Amino acid sequence: MSHSRPLKEISCLFICSTREMRNLLARVIQQVGIGNVQEARDLDLAKQLVRTNNFDLIIWAGSDQDYLDLLRHIRYEARENIRKTPFLCVTSRSDMNFLIEGRDAGITGFLTMPLTLRDTLRKVNAALDDPREFVLTPSYVGPTRRRKTLQEYFGPRRRAEDGPTSQLQTTPTALPAASEPAIAIKAPQGPTDRPPGSQETLINILEDQLLSDWQDDEDEEAVEANGPIKHSANFRRRAQVVREAFRLVTHINEILLDPNGSPESSKSRISEPFNRLLNLMALVQAYGKNNDEDSDFFKEKYKEIMNSMSNISANLLAGGLERTLHQSQKMVNDETSSSLGGAYKTYSKMSEYEALIGLLGGYPSLTTAMLDQVKQIWENVLLLAERGDSLGVLDGTDEKKMRQVASERLVSAQTILRERPAADSQNAVLQKMRQP
Amino acid sequence: MASPEPMLEWTEDLSVGVDSIDEDHQAFFRVEPMLEEILASSDSARSMLIESVLNILEEYVEGHFLREQQALAAIDFPGLAVHIKAHDKFAEKVRAIIKDYRQGNLAVVESLGPLISDWITNHIKTMDRQYLGLLTNENVDKRPLVCLLDDPEDDLEF
Ligand SMILES: [Fe+2]
């Protein structure tokens, strides 16, 4: 992938109103090798500059949407020479509305924080090399919004070729609950007024729920029909799921790394994106198991997401288990507390962590210390349930289910713990034998 | 809590006579003021900015060391192994600090800037000086250091 001119000869207008961001991005743009950079601290100055100067690339950085005005000005009013200039938006925003509005104003691409040189170079090259047709219609001016590659991002399309899903999108479906102990695609519950669901249909429905929708633009449809590249509609949707999963990983990391966020506030901010991520990952995992031409690709992507996830999960888990053990221990020691309520509280907490543990590869992948905590927590759940005073927190069946799950999980933890020292000592024996 | 010492800067006497390497070295020196500025700010994007600087620092380390090592290898530089060891040791230190930060020990970034400036100054004066005159604009890769990095997402383009 190389455009005709070296980056050294590219002229770039770069607009950013906050000093720290501007200085950082100026470095990044320089390190990527762009030769001529004109800096503007505000949009008014930028507007003046595009009136008289030509640029090969325009980069705006920030978190407001005030750049839209400049972008529309360029796309609709500005001189012919500047009209089609690639426009990149650098932002830490990742909410769909922000992206959609940029897209509808004719943006070329987004570069999301945190930055890397690699990513910046890739996006700059992609913007300069944009293969998409430039659309000029009364309602839209900009690169065609029909995305062709994963790299270029953006959402699933709802078209006839996308299969039966489109008619079904109003069907309410139940997503796998976060409290399910493992990630698996659960059959949607609720009205079953749709054709006998193949796994594929099921997955499409989940995708539709998990990804925000994009409106199709009718006047682009014609342009698009003659477009050169066609990935299958399914592939595009799946690629978007992968993209979205990566985005959520970044987003969750951002929350976790926020120095101003208290553990409590970050936990509540994480829970929604985290549950979505779990659901998306279940999808990507399923794509990898499809046994079609793309399944290897998705297997690979699943592994990559898993890797980024593991760090997050391990951190969340370590803190969470410790807290839960501590709290449940306190309840066990305190005879006066409502023990059945306590049992249930601990149980629901653990259900969340079980999902995380599932992501990490199940109990066998936990450290012995963590596994020991897990074991103790399940013991506490059972202890508290045993002391239960039936305050009506749970009805009989729920209580029974809770006890059952708790004892099952306790047994698995104990089994693995028992096997561990054996394996360790076996290793020690082998080690000894190898020594001269 | 600014360090009482004045910030170290790249000066002409630190030049090794190769433009691309001098530019890399200057990039290392600019990490400290950049971090300091971000740490002093109350920008809502602060953590994203820090994270970006850390990403870029990792890329500087990787790309610049590669540039030097490849060039030194190409001229059969006798001290290559020792030089690589020095690079690796620093790279490891940087990586450990970044990891520490990412695991929640946020304060560690405060000492990162001065550490880099210190190290790069010493390293240029003691190690890089040894290839003075041997590496030239002609036998060193001129491209921006990002081009020397392999791109893990290359296989993402299809
Ligand atoms: Fe060196």
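Let's start with a pair of helices in this predicted model. Helix H3 (residues 80-102) of chain B packs against helix H4 (residues 112-126) of chain B at an angle of about 175°, and their axes are 12 Å apart. H3(B) and H4(B) are therefore roughly antiparallel to each other.

**Where the two helices meet**
- On the H3(B) side, the contact includes His83(B), Ala86(B), His87(B) and Phe90(B).
- Among the residues they meet in H4(B) are Leu115(B), Trp119(B) and His123(B).
- Sorted by type, the residues of this contact come out as 7 nonpolar, 3 polar and 1 charged.

**The iron site**
- Glu68(B), His83(B), His87(B), His123(B) and Asp128(B) coordinate the iron ion, at 2.0 to 2.4 Å.
- Along the chain, the donors are spaced as E-x14-H-x3-H-x35-H-x4-D.
- His83(B) in helix H3 of chain B and Asp128(B) in the segment after H4 of chain B are 45 residues apart, so this pair links distant parts of the chain.
- Both His83(B) and Asp128(B) are buried.

**The sheet in chain A**
- Over in chain A, 5 strands form an open sheet in the order S2-S1-S3-S4-S5, with parallel pairing.
- Strand S2 (36-40) and strand S5 (109-112) of chain A are the edge strands, each pairing on one side only.
- On average, neighbouring strands here are turned by 20° against each other, direction ignored.
- Strand S4 (residues 87-91) of chain A is joined to S5(A) by 4 bridges, and Val90(A) has Leu111(A) in S5(A) as its bridge partner.

**Helices across the sheet**
- Helix H1 (residues 19-32) of chain A lies across S1, S2, S3 and S4 of chain A, at about 160° to S1(A).
- Helix H2 (residues 43-52) of chain A lies across S1, S2 and S3 of chain A, running at about 160° to S1(A).

How values were computed:
Residues numbered from 1 in each chain as written. Chains lettered and ligands numbered in written order. Predicted model: local features only at pLDDT ≥ 70, side-chain atom pairs only at ≥ 80, totals over all residues. Heavy atoms only, no water. Axes fitted to C-alpha atoms, helices over the stretch in contact; angles between N-to-C directions. Parallel < 35°, antiparallel > 145°, perpendicular 65-115°, else oblique. Contact = heavy atoms within 4.5 Å. Nonpolar A, V, L, I, M, F, W, Y, C, P; charged D, E, K, R; others polar. Donors = N, O, S within 2.8 Å, 3.2 Å for Na, K, Ca; no water. Buried < 20%, exposed > 50% of the residue type's maximum accessible area, 1.4 Å probe, protein only. Pairing = 2+ DSSP bridges.
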